[in-house]
Amino acid sequence: MTWIPLCLMLAIACLYYVFYLPGRLFLGPEKTRAGYLRKRKDAVYENLRDLNFEYKAGKVPDADYASLKTSLQDEAAAVLAEIARLEKNSAPAVQRTRL
């Protein structure tokens, strides 16, 4: 007979532990398009470094190296242009708030 209250208390404690929400939640840093693009730029640059290393090590043929390098450079240029456009559009808003 004492097992029923113990099981009930254990079930309530488990439910409280699972569904309790503290007063303040840490959601992490806010994700923005500019942040995503900076991470993408770093990834593309790392891929270019890896491609150059593998080419110099003789693991990548000349034709593949040229096409991969061109596509990575095009992607890097597009990402940099997008970052510049975002920074250009956000700069006037910052200047207006300082006035």
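# Reading helices, charges and surface

Colleague: What is the relative accessible area of Arg 85?

Modeller: Arg 85 has a relative accessible area of 40%, so it is partly exposed. Partly exposed lies between two cut-offs: buried is under 20% and exposed is over 50%. Keep in mind that this is a predicted model.

Colleague: Which residue does Arg 85 form a salt bridge with?

Modeller: Start with the general idea. Side chains of opposite charge can pair when their charged atoms come close. In this structure, Arg 85 pairs with Glu 82, and their closest N and O atoms are 2.6 Å apart.

Colleague: How many residues separate Arg 85 and Glu 82 in helix α3?

Modeller: First, the helix rule. An α-helix has 3.6 residues a turn, so residues three or four places apart point the same way. Now the case here. Arg 85 and Glu 82 are three residues apart in helix α3, so about one helical turn separates them.

Colleague: How many salt bridges does a search of the whole structure find?

Modeller: The search finds three. One of them joins Glu 87 and Arg 38, with 3.3 Å between the closest N and O atoms. Glu 87 sits in helix α3 (residues 62-98) and Arg 38 in helix α2, so this pair ties together parts that are 49 residues apart in sequence. Both ends are partly exposed: Glu 87 has 41% relative accessibility, and Arg 38 has a relative accessible area of 37%.

Colleague: Which residue pairs with Arg 40?

Modeller: Glu 75 does, and the closest N and O atoms are 2.5 Å apart. Arg 40 belongs to helix α2 and Glu 75 to helix α3, so the pair ties together parts 35 residues apart in sequence. Arg 40 is partly exposed at 28% relative accessibility. Glu 75 is also partly exposed, at 28%.

Colleague: Now helix lengths. How far apart are the end C-alpha atoms of α2?

Modeller: The check is simple: count 1.5 Å a residue, then compare with the model. The 24 residues of α2 should span 34 Å; the end C-alpha atoms are 35 Å apart, which agrees.

Colleague: Which residues of α2 are buried?

Modeller: Ala 34, Leu 37, Val 44, Leu 48 and Leu 51 are the buried ones. Helix α1 is hardly covered: its count of buried residues is zero.

Colleague: What kind of surface patch do Leu 15, Tyr 17, Val 18 and Phe 19 form?

Modeller: They form a nonpolar patch, with about 540 Å² of accessible area together. Take Tyr 17, which is found in helix α1. Tyr 17 counts as exposed, because its relative accessibility is 72%.

Colleague: And charge on the surface? Which residues gather in the negative patch?

Modeller: Asp 42, Glu 46, Asp 50 and Glu 54 gather there. Glu 46 lies in helix α2 (residues 33-56). At 43% relative accessibility, Glu 46 is partly exposed.

Colleague: Last stop, the end of α2. Is Lys 56 buried or exposed?

Modeller: Lys 56 is exposed, at 73% relative accessibility. This residue is found in helix α2. Just after α2, look at Gly 58: its phi is positive, about 85°.

Note on methods: Residues are numbered from 1 along each chain as its sequence is written. This is a predicted model: local features need pLDDT of at least 70, side-chain atom pairs count only at pLDDT 80 or more; totals for chains, interfaces and linings use all residues. Side-chain values use heavy atoms; hydrogens and water are left out. Buried means under 20% relative accessible area, exposed over 50%, partly exposed in between (1.4 Å probe, protein chains only). Helices (H or I, at least four residues) and strands (E, at least two) are DSSP runs, numbered from the N terminus. Patches are made of residues with over 30% relative accessible area and no salt bridge: like charges are joined within 9 Å, nonpolar side chains (Val, Leu, Ile, Met, Phe, Trp, Tyr) within 5 Å. Accessible areas come from the Shrake-Rupley method with a 1.4 Å probe; for residues, only the protein chains shown count as cover. A salt bridge is a side-chain nitrogen of Lys or Arg within 4 Å of a carboxyl oxygen of Asp or Glu. Lys and Arg count as positive and Asp and Glu as negative; His and the chain ends are not counted. The place of a charge is taken as NZ of Lys, CZ of Arg, CG of Asp or CD of Glu. The expected span of a helix is 1.5 Å times one less than its number of residues.
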